[in-house]
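Please look through the sequence and the model below. A short report on the chains and their contact follows.

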Amino acid sequence: MPSRRTIELAGIGTAAGLFSGLFGVGGGSVIVPLLILRHGYHEREATGTSLLAIVVIAAAAVAVHGGYGNVHVADGLLVGLPALGGVVLGTTLQQRVPTRVISLLFATLLVASAVDLLAK
Amino acid sequence: MIAAAAIGMLAGVVAGMLGVGGGIIFVPGLVLFVGLTQVDAEATSLLAIVPVALLGAYRQHRYGNVRVRDGLLVGALAVPAAAAGVAIVNALPERAIEIGFAGLQLVIAAQLVRRSLTPDAGGEPASPGRGR
């Protein structure tokens, strides 16, 4: 029998995987809060561990999308390569500054983007 | 093209700071600045996420912030659901996916605001050299 902890991690994975497949995201917005709330992770540890899980999840999801012919490789590189610089900056900043202000700015951006999508 | 690169950079910063893949930024960026459909933007976003999350995880590992076994377990156990999600999204009408994605953005925005307003959340700076 798998341990209770493994079953809980499977639950987190299933929720994150579904989000990833449905919305083209990594699932981190599901993983991070659940690791903090259910497993007593610290904020940084949760975000670091989430990134590792996302590697596996996104790789699986993009492979399946590839089978449907939905993946635009050149466009992926166009946004993905600059993002490599961004993620180095983001992880460095995270060790040094409170994430509160960035979280609020990010939330504002998401609301604007959602309104744009709904009003389309 | 410059706008697409800038939005990619922003997605990376968000990914590194918040421990997400950056898809919530990649997807609208690919729709608005590259002109992809919602489904193609989601698929392409996932491709961009893989190297970003890999580099982010490597950096966080060096800071001592990754529990490798848990991360790999969550990732491996997520694979069937991720495949199911992709199959579902390819069967749904485009507009339904757009509305669902907008809903997700609003939920995440609310989650971020709530976390930011919680005392002792939001992350104080780490002690210097931690985990090196």
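How many helices and strands are there in chain A? Chain A has 5 helices and 0 strands, where helices (H or I, at least four residues) and strands (E, at least two) are DSSP runs numbered from the N terminus. Along the sequence the pattern of chain A reads α-α-α-α-α.

This is a predicted model, in which local features need pLDDT of at least 70, side-chain atom pairs count only at pLDDT 80 or more, and totals for chains, interfaces and linings use all residues. Residues are numbered from 1 along each chain as its sequence is written, while chains are lettered from A and ligands numbered from 1 in the order in which they are written.

**Chain A**

| Property of chain A | Value |
|---|---|
| Box filled by the C-alpha atoms, along the principal axes | roughly 45 × 40 × 30 Å |
| Residues that count as buried | 56% of 120 residues |
| Separation of the centres of domain 1 and domain 2, over C-alpha atoms | 18 Å |

A residue is buried if 20 or more other C-beta atoms lie within 10 Å of its own, exposed if 12 or fewer, and partly exposed in between, with C-beta atoms placed from the backbone. Domain 1 of chain A covers 1-71 and domain 2 covers 72-120; such bounds come from an automatic or database domain assignment.

**The contact between the chains**

Chain A puts 84 residues into the contact and chain B puts in 96 residues. Two residues are in contact if their C-beta atoms, placed from the backbone, lie within 7 Å. On the side of chain A that touches chain B, α3(A) gives the most, with 23 residues.

**The nonpolar core**

A nonpolar core is a set of buried Ala, Val, Leu, Ile, Met, Phe, Trp, Tyr and Cys residues joined through C-beta atoms within 7 Å. The largest one has 83 residues, and those with the most contacts inside it are Ile57(A), Ala58(A), Val14(B) and Ala53(B). Its largest share, 13 residues, comes from α3(A). Leaving aside residues up to four places away in sequence, Ala53(B) touches residues of chain A including Leu51(A), Ile54(A) and Ala58(A), and also Ala15(B) and Gly21(B).

**Helix α2 of chain B**

Helix α2 of chain B (residues 23-34) is largely enclosed by the rest of the structure, because 10 of its 12 residues are buried. Among them are Phe26(B), Pro28(B) and Val34(B). Just after α2(B), Gly35(B) has a positive phi of about 85°.
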